[in-house]
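Q: Please give me a close look at one part of this model. Begin with charged side chains, then work through to the strands and their packing.

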Amino acid sequence: RDHRDHRDRDRDRDRDRDRGRRSSGRRDDFRHRGGPGGGRRRGSPPPPPRRPREKRISLYWDIAPTGFEHITPMQYKALQASGQVPAIGPPPAALGASIAPLPVNSAVVAPQNQVMRQARRLYVGNIPFGVSEDEMVEFFNNKLLECQLNTAPGNPVLACQINLDKNFAFVELRSVEETTNCMAFDGIEFQGQALKMRRPKDYQPLPGIEAGGAFVPGVVSTVVPDTINKIFIGGVPSYLTEDQIKDLLVSFGDLRAFNLVKDSVTGFSKGYAFCEYLDSSITDTAIAGLNGMQLGEKKLIVQRASVGAKNPSSYMATASAAAAMFAGGASGVNVVNMMASTVPTTVLCLMNMVSPEELADDEEYEEICEDVREECGKHGRVVNLHIPRPLEGADVPGLGKIFVQFHSVSDCATAGTALAGRKFANRVVVTSYFDPERYANRDFTSNEPTE
């Protein structure tokens with residue numbers, strides 16, 4: 001037993017000695033590293049200054065994939081989430097030469113680039129006969145820059161392809177946003193033709209990119225969107241052209257969009273159209289003024305096109321507001337008493353027949369008076385005729401309108417029905433009845449409808 005105790009004491013003493021050596025070594029190392037009571041040894045040279053670490057340029061971060069340079073990373077993620085962009089693995093160089101490159105299905109990638117390209121292309125219909133591709137490119141580039149619809153310096157339109165047999169073209173732009181802005185030129189006049197701008201048939205809207213475009217003043221789009229302010233116009237005589245119908249509509253205000261529906265085979269009018277006004281507040285006013293208007297043997301049927309969007313208030317409730325909008329200006333097509341009252345009087349008001357320029361010429365003025373008197377005399381006994389003429393520097397009430405006084409109400413009504421919708425100097429005649437008392441006083445400033 002004594003021998004065993006002695007051996008245990010020797011083992012404990014050796015263990016304590018080893019523990020002391022390790023502890024002393026840690027303290028020396030702590031002092032050498034600059035801990036308390038230590039620091040750099042005297043006489044030792046100072047450590048060399050550290051070199052600043054150069055920033056490595058990434059070969060893959062923030063580099064847009066080929067064909068998607070013109071969209072943001074968030075838009076690209078949206079494309080991936082919708083399945084329009086396949087998930088492709090990292091490039092082989094990033095993984096090391098020992099790893100074989102991931103297989104890429106080219107048949108899947110190619111359509112995605114096609115989707116991007118179609119988003120930058122536009123169909124242009126009704127182009128002028130004989131126009132060249134360079135002229136088309138120059139026209140759209142000038143218009144985009146003029147209206148400040150470009151998103152970067154330089155020309156937005158890259159190329160144009162024209163199909164001479166079918167009279168249409170495709171234009172390609174450099175970015176999706178500028179392509180959307182170019183849609184605002186739908187209906188713009190180019191060499192006497194109203195161009196039709198459309199997306200390609202295989203166009204797919206890109207997620208995260210706004211579908212709405214810009215608006216160009218003076219350009220009436222040929223596409224009327226389905227909004228609460230879309231107006232249906234039925235009962236349109238087939239002989240009226242688009243320009244003649246628009247001349248009638250703009251009497252209430254500027255149009256944002258207009259479309260006369262035509263047969264796809266014959267190209268003839270189907271007798272109805274759609275429109276939207278630039279100022280939505282005059283929608284009900286225009287409906288009230290146009291609905292029931294007599295054009296030849298037909299009466300217009302005008303109402304809101306959207307289902308359930310019809311204003312419950314009566315159209316006649318807005319009659320006075322409609323009349324108040326048109327205070328006899330100097331325009332030849334502005335309409336006084338555009339309500340086209342259905343209550344006949346002895347005075348017929350003929351509109352959209354003459355312009356101030358035509359009335360300023362004495363000889364032409366006399367010819368107009370003679371033609372109108374002769375034609376009206378075919379439908380009744382004419383008592384008097386008055387056509388206000390322009391005066392330099394003066395605002396002439398009733399300018400651009402022709403007032404004809406008949407012997408009886410029945411004669412006036414017969415003439416009004418017969419002349420409405422007729423053409424005079426290639427303009428569509430619009431008729432209305434006027435208050436005989438105001439006519440006798442030559443008071444053409446009041447726009448109250450006849451009772």
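A: K378 is exposed, with a relative accessibility of 57%. Exposed means over 50% relative accessible area, buried means under 20%, and partly exposed lies in between (1.4 Å probe, protein chains only). The salt-bridge partner of K378 is E375, with the closest N and O atoms 3.2 Å apart. E375 is partly exposed, at 22%. A salt bridge here is a side-chain nitrogen of Lys or Arg within 4 Å of a carboxyl oxygen of Asp or Glu.

This is a predicted model, so local features need pLDDT of at least 70 and side-chain atom pairs count only at pLDDT 80 or more, while totals for chains, interfaces and linings use all residues. Residues are numbered from 1 along each chain as its sequence is written, and side-chain values use heavy atoms, leaving out hydrogens and water.

The structure holds ten salt bridges. One of them joins R120 and E172, at 3.3 Å from N to O. This pair links distant parts of the chain, 52 residues apart: R120 sits in the loop between α4 (106-118) and β1 (121-125), and E172 in strand β3 (168-173). Helices (H or I, at least four residues) and strands (E, at least two) are DSSP runs, numbered from the N terminus. Both R120 and E172 are buried. K143 and E146 form another salt bridge, with 3.8 Å between the closest N and O atoms. They are three residues apart in helix α5 (133-146), so about one helical turn separates them. K143 is partly exposed at 24%; E146 is exposed at 57%.

Now the strands. An open sheet of four runs in the order β8-β9-β7-β12, with antiparallel pairing. Two strands pair if DSSP finds at least two bridges between them. β8 (255-262) and β12 (301-304) are the edge strands, each pairing on one side only. The twist averages 20 degrees from one strand to the next. Inside the sheet, β7 (231-234) and β9 (269-277) pair over four bridges in the antiparallel sense. F232 has F274 of β9 as its bridge partner.

Two helices pack here. Helix α7 (242-249) packs on the sheet and touches β7, β8 and β9, with its direction at about 140 degrees to that of β8. Helix α8 (283-290) lies across β7, β9 and β12, at about 160 degrees to β12. Axes are lines fitted to C-alpha atoms, for helices over the stretch in contact, and angles run from 0 to 180 degrees between N-to-C directions.

N229 lies in the loop between β6 (196-198) and β7. It is buried, at 16%. Beyond its neighbours within four places in sequence, N229 contacts C275, E276, S280, T283 and R304. Contact means heavy atoms within 4.5 Å.

The largest nonpolar core has 32 residues, and I233, L249, F258, C275, Y277, L290 and L300 touch the most other members. Such a core is a set of buried Ala, Val, Leu, Ile, Met, Phe, Trp, Tyr and Cys residues joined through side-chain atoms within 4.5 Å. β7, α7, β8, β9, α8, β13 and β18 each supply at least two residues of this core.

β13 (347-351) is next. Five of its five residues are buried, so β13 is largely enclosed by the rest of the structure. V347, C349 and M351 point one way, L348 and L350 the other. In a regular strand, side chains alternate between the two faces of the sheet. β13 runs antiparallel to β15 over four bridges, where C349 has F403 as its bridge partner. Five bridges join β13 to β18, also antiparallel; M351 is partnered there by V430.

Helix α12 (409-419) has D411, C412, A413, A415, G416 and L419 buried. Their cover includes β13, α11 (362-376), β15 (402-406) and β18 (430-434). After α12 comes G421, whose phi is positive, near 90 degrees.

As for the whole protein chain, it has 13 helices and 18 strands. Buried residues make up 39% of its 451 residues.
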